[in-house]
Amino acid sequence: MKKRGRQTISMEGIPVEVTFKAIKNMYLRVVPPLGEIRISAPRGTPMETVRQFALSKRQWILRKRLSQAEEIPASPFRYMDGVGCTLWGREYHLRTEEGAGKEGVELDGSDLIVHALPGAPEGQKKEILHRWRKEQLFRAVELLLSRWEPRMGLKVASVSLRQMKTRWGSCTPSKRTIRLNTALASVPEELLEYVLVHEMAHIHQPNHSPLFWSIVGEHLPGWRNSRKRLRAYSPEKA
Ligand SMILES: [Zn+2]
């Protein structure tokens, strides 16, 4: 199969997508959550060399695919009184208070109270909560941007907050736009900071090359630990 510099080979029955680019070294990625295997290779690399490279990484690929399979997110959040709701890494109990004229969210000790109109359907309460969490996240991101833009010597054109099933964030380097998962309101703020700095670093370096990680490491020396801790949270639980 061939489409514009891209070819698919088979490694013991597992498809491997190979892209030829103007790069110096070969890279291999296992893409979550399905564990697709992608290889970027320098233009002109013989297919046999690519195949040998994939085979040499076989053990690593299998291990990676296995660990990613365990990371497939849990079922999405269901609004219900008494259910746990995580905000900035802290667990709250969801409680609804119905009353006329007042919509919004309030934190009271370990309770997260959603104020809704009398008889409001579940979907509406969920929406109030979702909007509020998005506002909290937006404010936190604004603050972080004001800190990190000058440090990293770049300007982000826009940050949009979206519900995403499998990713915490993404970046379009050419447009300097970043998308963040609204579920980031659940994680401790330093993990949000890691995701944002990671996506900002993509503006300098679009791939996950060693150079990319050295940029992240220069700004956040503890990034490995943050990345590991992030796995305790589900990107689908917005
Ligand atoms: Zn990345």
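# Close-up views of a predicted model

**Figure 1. The largest nonpolar core and its most connected members.** In this predicted model, the largest nonpolar core has 48 residues, of which Leu112, Ile178, Leu180, Leu192 and Met200 touch the most other members. Helix H3 gives the most to this core, contributing 10 residues. Apart from this core lies another, of 16 residues, which includes Val16, Ala41, Phe53 and Ile61.

**Figure 2. Surroundings of isoleucine 178.** When neighbours within four places in sequence are left aside, the contacts of isoleucine 178 comprise Val156, Ser158, Val159, Ser160, Ser170, Cys171, Leu196, Glu199, Met200 and Ile203. Isoleucine 178 is also one of the residues that touch the most other members of the largest nonpolar core.

**Figure 3. The three-strand sheet.** Strands E10, E12 and E11 form an open sheet in the order E10-E12-E11, with mixed pairing. Strand E10 (158-162) and strand E11 (169-172) are the edge strands; each has a single partner strand, so one side of each has no neighbour in the sheet. On average, neighbouring strands of this sheet are turned by 15° against each other, direction ignored. Helix H3 lies across E10 and E12 and runs at about 155° to E10. Helix H4 lies across E11 and E12, and its direction is at about 155° to that of E12.

Figure 4. E10 pairs with strand E12 (residues 177-181) in the parallel sense, over five bridges. Leucine 161 has leucine 180 in E12 as its bridge partner, and arginine 162 has asparagine 181 in E12. E11 and E12, by contrast, run antiparallel and are joined by four bridges. Here serine 170 has arginine 179 in E12 as its bridge partner. Four residues lie between the strands in the hairpin of E11 and E12, where arginine 176 takes a positive phi near 55°.

Figure 5. Four strands form an open sheet in the order E6-E7-E9-E8, and their pairing is mixed. E6 and strand E7 (residues 90-98) run antiparallel and are joined by four bridges. Across this pair, cysteine 85 stands opposite tyrosine 92 in E7. Helix H3 packs on the sheet and touches E6, E7, E8 and strand E9 (111-116), its direction making about 120° with that of E9.

**Figure 6. The zinc site.** Three protein donors of the zinc ion, His198 (NE2), His202 (NE2) and His208 (NE2), lie 2.0 Å from it. Along the chain, the donors follow the spacing H-x3-H-x5-H. Histidine 202 has a relative accessible area of 6% and is therefore buried. Histidine 208, at 35% relative accessibility, counts as partly exposed.

**Figure 7. The two sides of helix H5.** Helix H5 (residues 210-219) has Phe212, Trp213, Ile215, Val216 and His219 as buried residues. These residues lie on the same side of H5, because they cover an arc of only 155° around the axis. Pro210 and Glu218, on the other side of H5, are exposed. The packing partners of the buried residues of H5 are helix H3 (122-152), helix H4 (189-204) and helix H6 (223-230).

**Figure 8. Alanine 54 in helix H1.** Alanine 54 is located in helix H1 (residues 47-56). With a relative accessible area of 1%, alanine 54 is buried. Its contacts, leaving aside neighbours within four places in sequence, are Met11, Leu28, Ile39 and Ile61. The C-alpha atoms of alanine 54 and isoleucine 39 are separated by 8.0 Å, although the two residues are 15 residues apart along the chain.

Definitions and conventions
Residues are numbered from 1 along each chain as its sequence is written. This is a predicted model: local features need pLDDT of at least 70, side-chain atom pairs count only at pLDDT 80 or more; totals for chains, interfaces and linings use all residues. Side-chain values use heavy atoms; hydrogens and water are left out. Donors are N, O and S atoms within 2.8 Å of the metal (3.2 Å for Na, K and Ca); water is not among the atoms, so sites may look incomplete. Buried means under 20% relative accessible area, exposed over 50%, partly exposed in between (1.4 Å probe, protein chains only). The arc is that of the directions from the helix axis to the C-beta atoms. Contact means heavy atoms within 4.5 Å. Two strands pair if DSSP finds at least two bridges between them. Axes are lines fitted to C-alpha atoms, for helices over the stretch in contact, and angles run from 0 to 180 degrees between N-to-C directions. A nonpolar core is a set of buried Ala, Val, Leu, Ile, Met, Phe, Trp, Tyr and Cys residues joined through side-chain atoms within 4.5 Å.
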